[in-house]
Every structure is written in structure tokens, then in C-alpha cells.
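Visitor: I would like to look at how a ligand is held here. Please walk me through the contacts, then the surroundings.

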Amino acid sequence: MMSNYILGIESSCDDTSAAVICNNEILSNVVAGQDVHKFYGGVVPELASRAHQKNIIPVVYKALHDANINKKQINAIAFTRGPGLLGSLLVGVSFAKSFALALGIPLIEVDHIQGHILAHFIKNKEDHYPKFPFLCLIVSGGHTQIAIIKDYFKMEIIGETIDDAAGEAFDKTAKIMGLPYPGGPSIEHNAENGNPLAFNFSKPVIPGLDFSFSGLKTSFLYFLRDNLKTDKNFIEKNKNDLCASIQNSIVTILMEKLIKASKQTGIKQIAISGGVSANKLLHNELMKAKDEYNLNVFIPSLSYSTDNAAMISIAGYFKYLNKDFTDQKVTAYAKKIR
Ligand code: KG4
Ligand code: ZN
């Protein structure tokens, strides 16, 4: 088989990333995070764009270096077109456009969420890949959806959040407790030594396969407010239990709908994607469900869960095979174009 080298670029939020793929095999995946946002407890868009601007060239340079290839060997450039922060996206989009123009090679646009899903097709040791159709739970800072993935670029969303995303629920409750951004890893870390059943927060009653997380966040806020009235050290004293309980609530909500979706559709192949799919409790619960319901489950490796360019390059590779190219008129989109 011919070796097709695709350079992938991702800059939709606060990670500047570049990756090189050779067919379906990742040769390099460089991610530069942005510590500037920690101080503010969330991503500050203008600071994110500036950091991308500073990082993009060194990150791409390192990706080529780590892959041990010359820029002249690249066959095409794939980039995240959206959704995400517009200023952040523009850095990656403009870079990809000019680099492709300079090298005289095709340009491939990738939807960020599509990238998260297709990360499951990156070559792995076990050669363990989902077969169509499969269910995918997409859980990130901006998205919470269950979709039937019918083909590489064909999916049907059968459930989604009506308010906050699951990642947002982690981030916002962490912020309430004064834990650092991003909230998911902070909560997971503190939850390790906590009791998941210590506190009980009201679970939303949402019909069908849709989700809601804003009620959970509010009930968490009120619960803390009430307890802080009688004990100002309540959060500090109960941090681990609070983290374990909130994590347990979020994961329970996700798992209930995912199992319901599997029963409803009869699809037994289940994948999880997006930043929250890095969560170990979610992995454990999915493995339990695998045994109980005889499922075939797909969990991305950690480096392909949170934002990365490897997932953009695998999506780019499949589009490259289809000759699905874009031209120099392309611009970023902040929200998904439906
Ligand atoms: O996919 P991602 O890196 O960026 C977006 O596309 O949004 O997802 C980021 C989200 C954040 O909300 C973050 O708190 C959450 O993923 N996250 C986690 C974990 N690692 C990242 N949530 C729970 N457990 C984790 N280990
Ligand atoms: Zn993402």
C-alpha cells in the first residue's frame, strides 16, 4: 500500500496540536496546552488565540521532527474547521491554508466532533476497531451526544444535552469548589479517596435519550451554600467525598442513557469519545456494562481522548482517500453547520 502522509492541525479551544499520520498509523502527536487560563478558572478566548499564534509553528515543526519526515513528504494538510472558539480556530485554519498553498498540496477540513469519533480508527496494537453501525457517546467540554455512527462520515444523533455538556458539569462544579480548570481531571483526582455515595444530588428526569446537567449543577451549588452556612470549612473537609459524589452522579447519568440507547437500537458496539471519555470511573462503568449486557466497547487511549491533532489527521486520511478536499476560500465556523 502507498504511504500517505497527512499533517493534522487542531486549535479549536486551548490546546495547540499537530500530528503526522502515515495511512492509519500515528507517527507523531504534539500537544501544547495553555497554562494561562488556570488563573482565570476557565478558557479566556483572547488569551487562547494569542497562545495558539505563539505555539503553532514550533508545534508543527516538532510534529514533523518527531515523525522523522520532511515537509515535502506531506501529501495533504487536515485542519479543524469548527466548532470551537473562532479566534483559536482561525490560527489553525490560516496556518493550514498557507502551508498547503506553499507546499502545493490539498487541504482537508475536519469537524472537531467527527475527529473525536474517528479517533477510534487510529491503528492500535490489538487492531480493535468498531464496525458500522456503532453507538458513540460524545462527551466533551461543549458536547454531550449519543450518535449512531453509520459510516466514517455519516451519523445520526439520537440523544443530546438540552443544556450543559457533561464536561461543563465537571468544570462548573469544580469551579464552585475552587478546584483548578479543567475540572474533570481535578475532580477525578480528588475523587480517588472519596466515597461516591456520601452525598446524593437530585438526578434530572429527561425523557428519551436526551441529557440535562444544569439541574445537577444548581442542586450542587445550593447544597454547598446550605452547608457552608453552618460550617465554613464544609468544602475543605469534604472535598474528596464531594468530588467522588459529583463524579458518580455525572457518570451515572451518562451510563443510564447509553445503556438505554443500546437497548433501544439493539446496537451492542459502544464507543466513547471526547475529553470526558478520559474519565476512569466512566471506563469502569462501561467495562461493567460490557459484561452485564455482552457489549463490545471502545475506549480511546488517553492521548486521543482530550483534544489532539491525531484525531484530525485520521479523519483527514479518510477524506484524503475520498479526495474530499477543500479550497482556499474556506473559513472557520464557531458552531456546527447543520
Ligand atoms: O474534548 P475536550 O478536550 O475539549 C472539548 O472539545 O471541549 O474536552 C474537555 C473537557 C473538559 O470539560 C474537561 O473537564 C473534561 O473534558 N475532562 C474530563 C477528564 N479529562 C478532561 N472529565 C472527566 N474526567 C477526566 N479525566
Ligand atoms: Zn474536543
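Visitor: Which residue has a side-chain N or O atom 2.9 Å from an oxygen atom of ligand 1?
Guide: This is a predicted model. A polar contact needs two N or O atoms within 3.5 Å. An oxygen atom of ligand 1 meets that with a side-chain atom at 2.9 Å, and the residue is D307.

Visitor: How much of ligand 1 does the protein bury?
Guide: Take ligand 1 alone: 550 Å² is exposed. With the protein present, the buried part of that is 90%.

Visitor: What distance separates a polar side-chain atom of D171 from an oxygen atom of ligand 1?
Guide: D171 is listed among the closest of the 20 residues around ligand 1. Its polar side-chain atom and the ligand oxygen lie apart by 2.7 Å.

Visitor: Which residue places a backbone N or O atom 3.0 Å from an oxygen atom of ligand 1?
Guide: Here the backbone supplies the atom, not the side chain.

Visitor: Which helix gives the most to the shell around ligand 1?
Guide: Three helices each supply at least two shell residues: α3 (112–118), α4 (166–176) and α5 (183–191). The top contributor gives 4 residues, and that is α5.

Visitor: How many residues of the shell around ligand 1 are charged?
Guide: The shell sorts by class into 5 nonpolar and 12 polar residues, plus the charged ones. Those charged residues number 3.

Visitor: Why does ligand 1 lie between two domains, and which are they?
Guide: Ligand 1 sits in the largest pocket. Both domains give residues to its shell, so ligand 1 lies between domain 1 (5–121 + 305–321) and domain 2 (134–300).

How values were computed
Residues numbered from 1 in each chain as written. Chains lettered and ligands numbered in written order. Predicted model: local features only at pLDDT ≥ 70, side-chain atom pairs only at ≥ 80, totals over all residues. Heavy atoms only, no water. Near = heavy atom within 4 Å. Polar contact = N/O pair within 3.5 Å; in protein donor to acceptor, adjacent residues only side chain to side chain. Areas by Shrake-Rupley, 256 points an atom, 1.4 Å probe, with all protein chains shown as cover. 1 Å grid on protein atoms, 1.4 Å probe; cavity = no way out; pocket = protein on both sides within 12 Å on 5 of 7 lines; lining within 4 Å. Sits in = over half its atoms within 2 Å of the grid points. Nonpolar A, V, L, I, M, F, W, Y, C, P; charged D, E, K, R; others polar. Domains from an automatic or database assignment.
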